[in-house]
Amino acid sequence: MSDKDTHLPPVNAMPPLPISQGWMGWNRTGEWRYFDPVHENHLPPCNHACPAGEDIQSFASLLVQRKFREAYDVIRESNPLPSVCGRVCNHPCAANCNRSELDDAVSIRCLERLIGDWGLKNVKTQAAVIDPDKGEIAIIGSGPAGLSAAWHLTNLQYKVTVFEASPKAGGMLRGGIPEFRLPRKTLDAEIHSLVDRGIEFRHNVRIGQDIPIDDLQRFRAILIAIGAHKPRVFDIPGSDLPGVQQGLDFLAEVNCGKRDFIEGNVAILGGNNTAIQCARAALRLGGKPTIYFRRSANEVPAFADQIEEARQEGIEITSLTAPTTIRKTGNELKLTLQRLTLGKRDSSGKRIALSIRGAHTEVTVSRVIVALGEDPDLTFLPRRIDRESWGINTGGTHQTNVGNIFAAGDCADNRRSVGSAIGAGKAAAQSIDRYLHGKTVFVESANRIVTRFADLNVAYFQRSQVVERKKIPDDRRLTSFAEVNIGLAEADALREAARCLSCGVCNSCDNCLTFCPDHAVTKQNGGYKINYDYCKGCGICIHECPRDAIHLRIKQVPR
Amino acid sequence: MKAKTVTTGSKMLLNGSQAAAHAVRAARAEVITTYPIVPQSLIAKQLLEFCSKGELQARYVSVESAHSALSTLIGASATGARTFTATSSQGLALMHEMLHWAVGDRLPIVIANVNRALGAPWSIWVDHNDSLSQRDTGWIQFYVSSCQEVFDTILQAYRLGEIVQLPVMVNLDGFYLSHTIEPTILPELAEVDAFLPPYQTEWRLDPQKPRSIGNLTSPDYYLEFRYKIQEAMDAAKAVTNDVYQEFESHFGRHYGSLDCYELEDAKTVFITYATMAQTVKHAVREMRREGKKVGLIRIRMFRPFPAENLRQLVRSSCRYIVLDRNVSFGAGGIFGQEIRAALHSQALDSGVVSITLGLGGRDVSPAMIKEIAAKYSEGEVFAGDHYWEGVRS
Amino acid sequence: MMLPQNSDRAQESGHLGCPGCGEALGLRLVLEIIGSNAIMVVPACCASYVDGIWPSSAARIPILHVAMGTTAAVAAGIRAALEVKGLNDTHVLAWAGGSGAFDSGLQAISSAAERNEDILYICYNNESYIDMDIHYFTSGSNRRGGGAHADHRRQRTQKNIIEIMAAHHIPYCATACVAYPDDLADKVKKALSIPGFKFMHLLSPCPTHWEIPSELSIELTRAAVETRIFPLYEVEDGTKYAISVLPGTFVPVSRFLSRQGRFANLSAEAIRQIQNRVESQWRQLQRRIELSRGGVSGQVKAKPEKQTAP
C-alpha cells in the first residue's frame with residue numbers, strides 16, 4: 001500500500017456505486033493561472049480631455065437612471081457652472097469621445113446643459129461650512145477662473161472674497177459672450193448660486209486702482225484671475241478713425257444692452273472667437289458683416305461650432321486677406337485689403353502668409369471691428385512677480401514666484417477657453433490649499449491610463465445616431481439676441497446619455513460574470529469580486545469587458 | 001397463438017414468453033422497453049397488450065434498438081424505477097456495452113433473454129452463446145427449463161437483484177420454451193406483492209439530493225468499485241438461498257441454484273442446464289429403468305456460479321458428463337470449463353467430460369443422450385478434453 | 001474526504017474544464033435557466049470529464065454519465081421513470097458533445113424525437129471530436145491533420161443537424177452559442193415551456209482544439225455568427241424558421257478562420273470556397289424563412305456585401 005492509499009477511504013467507506021458525494025469546490029483551479037484579471041477603472045478620454053476634469057461618464061450614467069440631483073452634484077464637484085459650460089464650452093470632451101469612432105460623439109455639452117439647467121431650477125445651493133481657522137482668500141477677477149477657484153476654495157472651507165472691477169461678476173462670460181450664446185439670466189442664476197454658497201463678491205473694485213494689491217495682505221493667499229482684456233495693438237493708417245472699434249469694446253456695449261442699429265457693411269478683422277461673436281452681433285443689429293482673416297481658412301482659431309453657426313447665419317469669412325489702410329469718405333470707411341498667399345513653412349511648420357503684389361481690394365464699410373486677440377493687463381502687478389509675454393508665469397503650478405500669490409485663467413494661461421479657465425481655477429484652488437497646508441505645490445501629472453477606442457470591445461455597442469440639438473428659427477435667430485441653441489428635451493437627453501460607452505469605467509454590465517467559465521466572478525458591493533481560488537486566468541473577462549475596466553496583472557505570489 | 005384472458009391465482013396454459021410477460025406484470029414493472037427480435041417478440045407483444053389494456057401500469061417505450069432498450073432502462077432504473085426488457089441473440093450482443101454499464105451503476109434491471117444462436121450465418125434457433133458471451137459483464141444469470149420456472153425466476157430475479165444491487169438475466173430457450181405451451185400457475189397479485197415489495201433505493205438520481213452517477217473515477221477508486229461488484233456477486237449466493245426460501249413460503253414451490261435427479265448411487269452424472277436438462281431427465285429416467293446408474297445435475301444459476309453447492313455433490317468415484325449447448329472456441333464448452341474450474345481445488349475435475357452439442361437449434365434427443373452415456377461413462381478422459389457430438393462425419 | 005456539500009449555484013467552481021472552456025460556460029448558462037429541478041444525461045464527451053472526478057461533481061443537478069451513443073435513450077428512460085412516479089415538473093436535459101449527437105448518438109436521438117419524448121437535448125458542439133474543422137476543408141490537410149491522422153479525418157461538409165431534427169417535426173429546435181447568452185437563455189426558456197422533444201445545437205468554443213488564446217473564446221464564437229458560418233435561428237414544428245440574431249454586416253469567413261491555429265494551413269482558394277458555401281447556405285436558410293412565412297418574399301437581409309479578407 002502506497003502512502004497515498006492511507007489517505008484514501010477504505011473500500012467499506014465507499015458507496016456501492018460511483019455516485020458523487022459532493023462538489024468540486026475542493027479543486028482550487030486558481031493554481032492553473034499565470035496572471036490575475038483585476039477590475040480597475042481607467043480614465044475615460046472625455047474626462048481626460050475636460051480641463052475641469054468633469055466625471056462625464058458618471059453623470060451620464062446617473063442621467064440614464066434619472067438621478068438628476070446626483071448628476072448635478074457630480075458635475076459641480078468639478079465645475080460650478082454647468083449651465084454656462086453646457087452652452088459655451090468648446091467641449092474637448094466630445095472631440096475625444098471614443099464613440100465618434102463608432103458613429104457620432106456623445107453630445108456631452110447637451111447633457112451638461114440639461115443637468116445644469118435642472119439644477120438651477122430645482123436645487124438651492126447650500127451655504128458651505130466655513131472653517132474660520134483656515135483663513136481668508138482673495139480672488140481678483142470673477143471670470144470663469146475666479147469663480148471656479150472661489151467655488152473650490154469654499155468647498156475646502158476657506159472664506160473667499162472675490163474682487164471684481166465691473167458692477168457685475170462674470171468677467172469675459174458677461175462682457176465677451178453675447179446673449180445669443182449665453183443668456184444673462186442663466187449666467188446670473190449660476191453666479192447667484194455661488195453667492196448662496198457663501199462666496200463674498202465685492203463689485204466695482206479694481207485692484208491696483210481702487211485698492212493697492214498690497215492692501216490684500218490680510219488674506220492668506222491671493223489669486224489673480226483677471227483674464228485677458230487688453231486688445232492687441234492695431235496700428236495701420238486710419239486705425240484711429242471714428243467707426244473703427246475694438247471687438248471686445250463692441251461686445252461689451254452690446255452685452256450691456258447698447259444695441260444701436262448698424263447700417264451697411266461691417267468689416268471684422270481677425271479670426272478668433274471674439275471676431276466671430278462680433279460678426280454675429282453686428283448681423284443681429286442690422287449690419288452685413290464680413291470677416292477678414294490673414295491666414296488660410298482652416299487656420300481660423302475660433303471654435304469650430306462658432307464658425308459653423310456664423311456660416312449658417314450667412315456670414316462670410318474671407319481668408320488670406322490683411323487690412324492695409326482705412327480711409328474715411330463721407331459717412332463711410334474705405335478699407336483696403338491686401339490679398340495674401342501661403343508660402344514656405346516657417347520654423348514652427350506653419351506656412352508663411354505672403355503678400356501678392358498688386359492684389360489689393362477695397363471695400364466700403366460703415367464700421368471696422370478689430371479682434372486680433374487680447375492680452376492680460378498686468379500693469380497693476382508689483383514688478384517682483386514673474387511674467388511672460390502672454391501673461392503671468394506660474395510654470396503650470398498656478399503659484400507665482402511670490403509664495404502666497406497665485407494666478408489662473410487667461411492671465412496666466414494661453415489656452416484661452418472657458419473650460420480651461422474653470423479647470424485652472426480648480427487646480428489653483430488645490431494649489432492654494434496645498435500651499436496653505438505646507439505641502440509642495442506641483443503640476444498634477446495625468447498618471448491615470450486613458451481608455452482609447454482600440455481598448456474597447458465594440459461588439460457590445462450598437463450604432464446609434466447622436467441626438468442633435470436644435471436651433472431657434474431663422475427669423476428670430478437673425479434679428480434678435482435670443483439664444484440660438486435650444487437644449488435637448490429630457491427624453492432626448494436621456495437617450496443621448498445612454499449612448500455613453502462608459503469607457504474605462506465599469507458600469508456593472510455583468511459581462512465578466514456572465515462569461516466566466518469558472519464561476520469565479522461574483523457581485524459584491526455593487527461591483528465584482530474575482531475568486532482567485534478558482535479563476536483559471538483564461539482572460540475572457542478582460543477581453544469581453546466592453547469598456548476596458550478589467551486588466552491583467554502579473555499573478556501575485558502564491559496565497 | 002392468441003393469448004387467453006388472464007385470471008390470476010389459477011393454472012393457465014401459457015408459453016414461456018407469456019409466462020415471462022405475466023411475471024413482469026405481477027412484478028409491477030414500471031418502465032418497459034423492447035425492440036423486437038425473433039424469438040423474443042411474443043414477450044414484447046404480450047407486455048404491450050398488458051400496458052395498452054391498463055392491466056400493467058407501466059411506461060412502455062418502443063425504442064429503436066436493443067442498445068437503446070437497455071440504455072433507456074439504465075436511465076429509468078437510475079431514477080428509481082423497476083424495469084424490464086426482453087431480447088435475444090443479436091439484440092443481447094448489441095446491448096453488451098450497456099450490460100457493463102448497468103452493472104457499474106449497480107442497477108437491478110431484469111432482462112429476459114430468449115436464447116438464440118448468433119450469426120453469421122443467420123440462425124433463429126436456440127443455443128446459449130448469446131448469453132454466455134456476457135458472462136463477464138457482472139450480470140446474475142439464470143437458465144430455466146419450464147414455463148413455470150420462467151415466471152417464478154423473473155420474480156426471484158427482481159427480489160434478488162434489488163437486494164444485491166445487480167442486474168439479472170433470466171435465460172429461456174428460444175422456441176423450446178418461448179413458444180412451448182405448458183400449464184403454469186399464476187399466483188394472486190397480492191401474494192406477489194407480499195413477496196416482492198416496491199423497488200426503493202437511496203442510490204438514485206434525485207434533484208432534491210443532487211448526486212451524479214458514473215463520474216470519471218481515478219485509479220484510486222476504480223478498483224474498489226469493481227471489488228464491490230464481486231462482493232455483491234458473492235453475497236448473491238447467500239441471498240439467493242434466502243430468496244428461494246421466501247419464495248417457497250409464499251408460493252410453495254422449491255428452487256435451488258442446482259437441481260438434482262437420481263444422484264444417490266449414480267456412477268455417471270450428466271451436468272447440464274436449460275431445456276436440455278428436461279431431455280436428459282427423461283433419458284435418465286429411461287436408463288434407470290434399464291438398470292443404468294445415471295443421474296442429473298441441472299445448473300439453474302450460472303452467475304454467480306454455485307461452485308460450493310456443486311462441490312458438495314460431486315464424488316471422485318463418479319463420471320460427470322457436461323452437456324454444453326455452447327462453445328468457447330479454442331477452449332471448449334463453457335459450463336464444462338466452469339465446472340472443471342470449480343472442482344479443480346479438490347482434484348475432482350479429472351472425471352469431467354465436456355461435450356458441445358445442439359448448437360443453432362440442432363435437436364438433442366433422449367436417444368442421443370443414451371448414446372453419449374454409453375460412449376463416455378467408461379474409459380480414460382483428460383482434463384481439458386472437449387468433445388463434439390452430432391457432427392456428421 | 002471532506003467535500004463541499006452545499007451549492008446554491010448552477011455549477012460549482014473547481015471543474016476540470018480548460019481555461020476558456022465553452023462547454024463549462026455553456027452548461028452553466030443553461031443550468032442557470034433550468035434551475036435545480038432537473039436531471040441531466042451526459043455521454044462520453046468533454047463534459048463527462050469537465051464535470052469532475054469521483055467523488056465530486058460540479059453540477060448542481062444530478063447527472064447520469066452514460067456511453068457515447070445512448071444519451072437520448074437514457075434521457076427517455078429518465079423521463080419514463082419520472083412519469084410513472086408523477087414527477088412531471090422535473091426537466092430532463094441531455095447534454096452531449098458533437099460526436100455524441102452527430103455520430104453514434106443520432107439513432108437514439110432520432111427515435112426519441114420520433115416518439116416526441118419530453119426532453120431538452122442540447123448538443124454543445126466544440127468541433128473537437130467530430131472534426132467539424134474538416135467541414136471547412138477541401139484540401140484535407142491542416143497543420144496537425146497533415147500527420148498520421150490526415151487520411152482518417154473526414155473530408156466533407158458537416159451534416160446539418162438542425163435540418164435533420166426539423167425533419168422529425170419536433171416542436172422546437174434551435175442553434176445557439178455562448179457568445180450570445182441572452183439569445184441562449186431565451187431559447188432554453190422557450191424550449192422548457194414546450195412539451196416534447198426539443199433540440200439545440202450550441203456552438204461552444206474550445207481554445208485547446210481551436211488553437212486559440214483562451215481569451216478569444218467568446219470573440220471567435222461571435223465571429224462564427226457574424227460570418228454566418230453558424231447562424232442563430234430556430235425552427236418550430238419543423239417548418240417555422242426564424243433568425244434570432246441577425247448580424248449587422250456580412251463579415252468574411254476569414255474573420256472566423258484565420259485566427260485559429262487549426263485552420264492555419266487553409267489556402268486562399270479553400271477560404272474562398274468556404275465563403276461561397278456559407279453564402280449559399282445562408283441563402284438557403286433565408287428561403288426556408290420565406291417559405292415558413294407563407295412564401296412571402298420578405299428578405300431577411302439584402303444581398304451580402306462582399307468584403308475582402310483582412
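**Interfaces of chain A with chains C and B**

Strand β1(A) is joined by 2 bridges to strand β2 (residues 56-57) of chain C, and the two strands run parallel; strands here are DSSP runs of E with at least two residues, helices are runs of H or I with at least four, both numbered from the N terminus, and two strands pair if DSSP finds at least two bridges between them. Within this pairing, Gly22(A) stands opposite Ser56(C) in β2(C).

The model is predicted, so that local features need pLDDT of at least 70 and side-chain atom pairs count only at pLDDT 80 or more, whereas totals for chains, interfaces and linings use all residues. Residues are numbered from 1 along each chain as its sequence is written, chains are lettered from A and ligands numbered from 1 in the order in which they are written, and side-chain values use heavy atoms, with hydrogens and water left out.

Taking the interface of chain A and chain C as a whole, 34 residues from chain A and 42 residues from chain C take part in the contact, which means heavy atoms within 4.5 Å. The area buried between these chains is about 3000 Å², with 61% given by carbon and sulfur atoms; buried area is the accessible area (1.4 Å probe) that two parts lose on being put together, summed over both. On the side of chain A, the most area is lost to chain C by Trp23(A), Met24(A) and His519(A), which together account for 27% of what that side buries.

Polar pairing across this interface comprises 23 residue pairs in polar contact, both residues at pLDDT 80 or more, where a polar contact is a pair of N or O atoms within 3.5 Å, one able to donate a hydrogen and the other to accept it within protein, and residues adjacent in sequence count only if both atoms are side-chain atoms. The rule also finds 1 salt bridge, defined as a side-chain nitrogen of Lys or Arg within 4 Å of a carboxyl oxygen of Asp or Glu: Glu544(A) pairs with Arg222(C), their closest N and O atoms being 2.9 Å apart. The elements giving two or more residues to the side of chain A that touches chain C are β1 (22-23), α17 (511-515) and α18 (540-544) of chain A.

Turning to chain B, 20 of its residues are in contact with 13 residues of chain A, and the area buried between the two chains is about 1600 Å², of which carbon and sulfur atoms give 68%. Trp203(B), Phe225(B) and Lys228(B) supply 33% of the area that chain B buries against chain A, more than any other three residues. The count here is 0 salt bridges.
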